[in-house]
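Have the viewer open as you read.

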Amino acid sequence: MPVSSSSRQTPSASGKRIQVRRSGVHGKGVFALQDIAEGETLIEYVGEVISWEEAQDRHPHDPNDPNHTFYFHVNEDRVIDALHGGNSSRWINHSCDANCEADESNDRIFIKAIRNIHAGEELNYDYGLIIDEPYTKKLKAEYPCWCGSANCRGTLLSPKERKDTPKTPSQKKSKAKDKDKKKSSKTDKTPSQKK
């Protein structure tokens, strides 16, 4: 249902549209202070842009909670570390039934509403986490999801076969090798074999 201008709440006195506060899902969360329409850009995910190697060297942010980080995968070479220079976007929680999405544009990440969001609702997006190793019950349990949605996967880990899931550097390298193999096998054939 579209959010009409008459049903929109007036912006808060500070002009802010979102606010960080305690979340019923996990730790801190980000909440809408006013109605937000589908398609609106809410905030950019910012922080220190570092290499994957630097991210591995810094991991974990908290040794007592090693799987909780403020990293955001930008591309196969770069990661945003929102622990350093980040804003409130780092507190947006995951949901398997998200109301926002992370949209990449020119190596920048923007959080956008994918449906109308009412004042007071917590913002969330599907983190789409992918790990190279095989998904076991133990591994999935290390990344629990508490979103509580009807279609909750029970884990922050995203199915590896999802087309919209960002690839990790090793997955991209593997995919590139596969393409090179296919390309070389096509070029190795004689003209009569190519038919």
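A disulfide here is a pair of cysteine sulfur atoms within 2.5 Å. By that rule, the count is zero disulfides. The model is a predicted one, where local features need pLDDT of at least 70, side-chain atom pairs count only at pLDDT 80 or more, and totals for chains, interfaces and linings use all residues. Residues are numbered from 1 along each chain as its sequence is written, and side-chain values use heavy atoms, with hydrogens and water left out.

So which cysteine sulfur is closest to that of Cys145? It belongs to Cys147, at 3.5 Å, and that is too far for a bond.

Now for the nonpolar cores, meaning sets of buried Ala, Val, Leu, Ile, Met, Phe, Trp, Tyr and Cys residues joined through side-chain atoms within 4.5 Å. The largest has 21 residues, and Ile36, Tyr45 and Ile92 are among those with the most contacts inside it. β2 (28-32), β3 (41-45) and β9 (108-113) each supply at least two of its residues; strands are DSSP E runs of at least two residues, numbered from the N terminus. Apart from it lies another core, of eight residues, including Cys145 and Leu157.

Last, the sheet. Strands pair if DSSP finds at least two bridges between them, and three of them form an open, antiparallel sheet in the order β4-β6-β5. β4 (48-51) and β5 (71-73) each have a single partner strand, so one side of each lacks a neighbour in the sheet. β5 and β6 (residues 78-81) pair over three bridges, and Tyr71 has Asp81 as its bridge partner in β6.

Notes
Buried < 20%, exposed > 50% of the residue type's maximum accessible area, 1.4 Å probe, protein only. Helix = DSSP H or I, 4+ residues; strand = E, 2+ residues; numbered from the N terminus.
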